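User: I would like to learn how to read features off a model. Please take them one at a time.

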Amino acid sequence: MSTLKPFLYDTGALIAAERNRVAFWRAHRSFLIAGGVPLVPAPVVSQAWRDGARQVQLARLLSGCDITPLDHHLARNVGELLGRARVADPVDGVVAALAAQFGARVFTSDPDDIQHLLDHMGQAGKRARIWALS
């Protein structure tokens, strides 16, 4: 059984890939070499994807990731989380909910927003770790 914590990418991570940020690509490559498959919530893809013909680096990144769907159960959990945390961004909510569920390391450009949501998840939120992208 692998002890490798999952990587979960938010929109900031996808933008870092698209902008060809070396530090991001190094971390991504290291995770792949270790046998990991990064997770990207489907709403994150929607937030970042604009023109596949022009987003070659983003398409390259996503081809090696697991795209996690937003199903009815997750959507309800995210809605409840947003209500408890008194915030309105469902994309950040999905990122936080999945990070807690999988005990993932979140690659984000919004560490404070994600942490705020994780703080409203009790013990489950403490399983996730944040990697702030600059």
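User: Is Phe102 buried, partly exposed or exposed, and what is the relative accessibility behind that label?

Analyst: This is a predicted model. Buried means under 20% relative accessible area and exposed means over 50%, with partly exposed in between. Phe102 has 34% relative accessibility, so Phe102 counts as partly exposed. Phe102 sits in helix 6.

User: How far apart are Phe102 and Ala132 in sequence and in space?

Analyst: Sequence separation and C-alpha distance are read side by side. Phe102 and Ala132 are 30 residues apart in sequence, and their C-alpha atoms are 18 Å apart in space.

User: What are the two separations for Ile130 and Val106?

Analyst: Ile130 and Val106 are 24 residues apart in sequence, with a C-alpha to C-alpha separation of 4.7 Å. Ile130 belongs to strand 5. Ile130 counts as partly exposed because its relative accessibility is 27%.

User: And what separates the C-alpha atoms of Val45 and Leu14?

Analyst: The distance is 8.0 Å, for two residues 31 residues apart along the chain. Val45 lies in helix 3, which covers residues 42-48. With 17% relative accessibility, Val45 counts as buried.

User: Let us turn to aromatic rings. How many aromatic pairs does the structure hold?

Analyst: Two rings pair if their centres lie within 6.5 Å, and the angle between the planes then gives the label: under 30 degrees is stacked, over 60 is edge-to-face, and the rest are tilted. The structure holds eight aromatic pairs. One of them joins Phe7 and Tyr9, whose ring centres are 6.4 Å apart and whose planes are at 55 degrees, so this pair is tilted. Phe7 and Tyr9 are both buried.

User: Which label does the pair of Phe107 and Trp131 get, and why?

Analyst: The pair is stacked, because the planes are at 20 degrees; the ring centres are 5.1 Å apart. This pair links distant parts of the chain, with Phe107 in strand 4 and Trp131 in strand 5 (residues 129-132), 24 residues apart.

User: Which residues do the ring pairs link into a cluster?

Analyst: Pairs can be followed from ring to ring. Here they link Phe7, Tyr9, Phe24, Trp25, Phe31, Phe107 and Trp131 into a cluster.

User: Now charges. Which residues gather in a patch of positive charge on the surface?

Analyst: A charge patch joins like charges within 9 Å, using residues with over 30% relative accessible area and no salt bridge. The positive patch gathers Lys5, Arg105, Arg127 and Arg129. Arg105 is placed in strand 4, residues 105-108. Its relative accessible area is 32%, so Arg105 is partly exposed.

User: Which residues form the negative surface patch?

Analyst: The negative patch is formed by Asp89, Asp110, Asp112 and Asp113. Asp113 is in helix 7, which covers residues 111-119. The relative accessibility of Asp113 is 40%, so Asp113 counts as partly exposed.

User: What is the phi of Arg86, and where is Arg86 found?

Analyst: Arg86, also not a glycine, has a positive phi of about 55 degrees. Arg86 is in the loop between helix 5 (72-85) and helix 6 (90-102). The relative accessible area of Arg86 is 78%, so Arg86 is exposed.

Note on methods. Residues are numbered from 1 along each chain as its sequence is written. This is a predicted model: local features need pLDDT of at least 70, side-chain atom pairs count only at pLDDT 80 or more; totals for chains, interfaces and linings use all residues. Side-chain values use heavy atoms; hydrogens and water are left out. Patches are made of residues with over 30% relative accessible area and no salt bridge: like charges are joined within 9 Å, nonpolar side chains (Val, Leu, Ile, Met, Phe, Trp, Tyr) within 5 Å. Accessible areas come from the Shrake-Rupley method with a 1.4 Å probe; for residues, only the protein chains shown count as cover. A salt bridge is a side-chain nitrogen of Lys or Arg within 4 Å of a carboxyl oxygen of Asp or Glu. Lys and Arg count as positive and Asp and Glu as negative; His and the chain ends are not counted. The place of a charge is taken as NZ of Lys, CZ of Arg, CG of Asp or CD of Glu. Helices (H or I, at least four residues) and strands (E, at least two) are DSSP runs, numbered from the N terminus. Buried means under 20% relative accessible area, exposed over 50%, partly exposed in between (1.4 Å probe, protein chains only). Rings of Phe, Tyr and Trp (its six-membered ring) pair if their centres lie within 6.5 Å; planes under 30 degrees apart count as stacked, over 60 as edge-to-face and the rest as tilted.
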